[in-house]
Amino acid sequence: MALLSKKDSKLILDPLTDNNPITIQVLGICSALAITAELKASIVMAISVLFVLGLGNVVISLMRNIIPSKIRIIVQLVVVATLVIIVDQVLKAFAYELSKTLSVFVGLIITNCIIMGRFEAFALGNGPWRSFLDGVGNAAGYGIILVIVGFFRELFGSGTLLGFKVLGDPIEKTGIYAIGYENNGFMLLSPMALIVVGIIIWVQRSRNKALIED
Amino acid sequence: MGLKSKLHNFKEKNRGKKWLPAFSAIHTFLFLPNDTTHGGTHIKAADDLKRTMNTVIMAMIPCLIFGMFNAGYQHHLALGEIQSVTQGFFSPEFWTMDNFLVGFWKILPLVIVSYGVGLGIEFIFAIIKGHEVEEGYLVTGMLVPLIVPVDIPLWMLAVAVVFGVVIGKEIFGGTGMNILNPALTIRAFLFFAYPTWMSGDKVWVHGAVERSKEIAAGANLDAISGETILGSLAQGQQPDYSISEMFLGFIPGSVGETSALLILLGGLFLIFTKIGSWRIMLSSVLGAIVMGLIFNVIVDAGIISEGSKFFGLMNTTWWHHLIIGGFAFGTVFMATDPVTASQTNKGKWIYGFLVGFISILIRVFNPAYPEGVMLAILLMNVFAPTIDHYVVRGNVRKRMKRLKVKTV
């Protein structure tokens, strides 16, 4: 027997590709542009959102029948704020440098449209297990784009990956720097992140014509 | 059977093949196509897009040739091998084969890389999308080598051209659909991606970068300073160039933008052939003059102290702004780009005025980006459709009012 039924595995796989929160729904762009200059920050951000969204979806789904619909936004905010504070404190305790790099953007996970969007659109109407899968799927879809953007921006902008000098040393002129290569400073600026996201969207839509809307 | 009809037969035989646009592009570049317009109403005119483009290129050729002489002249002058120019263009220090060859061998590769990479991408896109190769890159390809420093590494130029043509133009739908001027997109990319090669006092004179490396390695040589006039003004120093040197262009700068005289001639040529818009050129100059005068008044009124970091550029006589830096080149050859500029006559006045106005504003207030004209034109490119929209709306409203008065 398969681990997940066909319907359930769709919940995880769809947001990774054809219903990606960033490239198709164009949500969560703000943090995708701000913190993707380094691969490490992108990965930590992706994991943080995975934690918040996965757990948050389960909590909201468990409470879905007792939340009065008039105040459901407040309740959702309380849930997501609690989870974000946990993430923030953990990062500050165990990865202080990184939490300084991510700065305000950890706190701003609260305002990430993907999270409130999934609470509203999915967790309020589905059981905890399916909500959990949906949360994980969407966070992974968000994370995969963050990691791709972070990979290219760090590689071409700083010549490193996760801090390792994969292209050589720009100051001592080793590796490909010896033949005159230089880092692309534009890659470190946020506009380039937008362009990289745009290129991913372009590639994705030209491979799957069904996604093109007029 | 002549060559011409042979080529046409060849084209007929291979109709529908994937690579045909590539053949067709070269074919129509050299020969007139055989087919005539069919269908309804059409305007008969001798000039097509290629002729328009070629006219602009012709207007830029003097700047290119002058740029080659100037590159060699600046190089030799910085090395202390020749005296500075005394008799204008016909100075024996300037008009030498040696100067020309130094510049020629530095600038020709820039032209080749610009055209080779840019047209290569145009061909690839035409084949993928299955349309004819568009002529849009002809002018861009000539502009690009004229607006970069002479020592820019070729691979950087190639990367920037790929970026500019793909991101600046092709994803919007190719020639005629782009929002931003592709040549300026290429330059802006270089500027933000590789600032050490695009600004400072080492990149404008051929050989200065290498010289500074040798000095860093311990060689006992004098450093070459190739500070541009804008650069030294931003630091509050008076540049040691005379007005005639600035106007004729014997100053360090990007390859083709130094000679205000030749740019003026090119501009007049464009106006005479009705290819460039005189409205944009004139209003842009007016905008720059107004901004320059405002700054002069501020300085005269004593609002700003001499110690201020803006003093040097604010104190620059208003009309000097027109002949230093890239302002003249940008105004004549890039602000007038018919695709990215405003289309309506009133819109052209507003657009041009703001280009000039903002150029000087950026130039003075942000010495880190001395080339304000690049950013000003890109900014106004973005606003051009908005300006047109309101001009058209205003016109509609005016006519509606007139209609109402009549019917009442």
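Q: Where is A:S69 found in chain A?
A: In this predicted model, A:S69 is found in the loop that runs between α3 and α4 of chain A.

Q: Why is A:L162 called exposed, with 12 other C-beta atoms within 10 Å?
A: The cut-off for exposed is 12 or fewer, and A:L162 has 12 other C-beta atoms within 10 Å, so A:L162 is exposed. A:L162 is found in the loop between α8 and α9 (190–207) of chain A.

Q: What is the phi of A:L162, and what is there to remark about it?
A: Phi of A:L162 is near 55°, which is a positive value in a residue other than glycine. This is worth a remark because most residues other than glycine have a negative phi.

Q: How do you know which residues of α7(A) line one face of the helix?
A: In helix α7 (residues 113–121) of chain A, the buried residues are A:I114, A:I115, A:R118 and A:F119. Seen down the axis of α7(A), these buried residues fall within an arc of 130°, so they line one face of the helix. Behind this lies a general point: an α-helix has 3.6 residues a turn, so residues three or four places apart point the same way.

Q: What do the buried residues of α7(A) pack against?
A: They pack against three helices of chain A, namely α3 (39–62), α4 (72–94) and α8 (128–158).

Q: What makes helix α16 of chain B mostly covered?
A: A residue is buried if 20 or more other C-beta atoms lie within 10 Å of its own, and in helix α16 (residues 327–334) of chain B eight of the eight residues are buried. Among them are B:F327, B:F329, B:T331 and B:M334.

Q: How do you know whether the size of chain B agrees with a compact globule?
A: The radius of gyration of chain B is set against the value for a compact globule of 408 residues, which would be near 22 Å; chain B has 23 Å, and therefore the two agree. Along its principal axes, the C-alpha trace of chain B spans about 70 × 70 × 40 Å, and 45% of the residues of chain B count as buried.

Q: How many helices and strands does each chain have?
A: Chain A has nine helices and zero strands, while chain B has 18 helices and zero strands.

Q: Which residues touch the most other members of the largest nonpolar core?
A: This core has 145 residues, and those that touch the most other members are A:V52, B:L143, B:L190, B:Y351 and B:I377. Helix α3 (residues 49–78) of chain B gives the core its largest share, 12 residues. Leaving aside neighbours within four places in sequence, the contacts of B:Y351 include B:I280, B:A341 and B:M380.

Q: What kinds of residues make up the side of chain B that touches chain A?
A: Eight residues of chain B are in contact with eight residues of chain A. The largest share of this side of chain B, three residues, comes from helix α7 (residues 182–193) of chain B. By kind, the side of chain B that touches chain A divides into eight nonpolar residues, no polar and no charged.

Q: What confidence does the predictor give?
A: Chain B averages a pLDDT of 83, and 92% of the residues score at least 70. For the complex, the predictor gives an ipTM of 0.83 and a pTM of 0.86.

Notes:
Residues are numbered from 1 along each chain as its sequence is written. Chains are lettered from A and ligands numbered from 1 in the order in which they are written. This is a predicted model: local features need pLDDT of at least 70, side-chain atom pairs count only at pLDDT 80 or more; totals for chains, interfaces and linings use all residues. Two residues are in contact if their C-beta atoms, placed from the backbone, lie within 7 Å. Helices (H or I, at least four residues) and strands (E, at least two) are DSSP runs, numbered from the N terminus. Ala, Val, Leu, Ile, Met, Phe, Trp, Tyr, Cys and Pro count as nonpolar, Asp, Glu, Lys and Arg as charged, and the others, Gly among them, as polar. A nonpolar core is a set of buried Ala, Val, Leu, Ile, Met, Phe, Trp, Tyr and Cys residues joined through C-beta atoms within 7 Å. The radius of gyration is taken over C-alpha atoms; the globule rule is 2.2 Å times the number of residues to the power 0.38. pLDDT is the predictor's confidence in each residue, from 0 to 100. The arc is that of the directions from the helix axis to the C-beta atoms.
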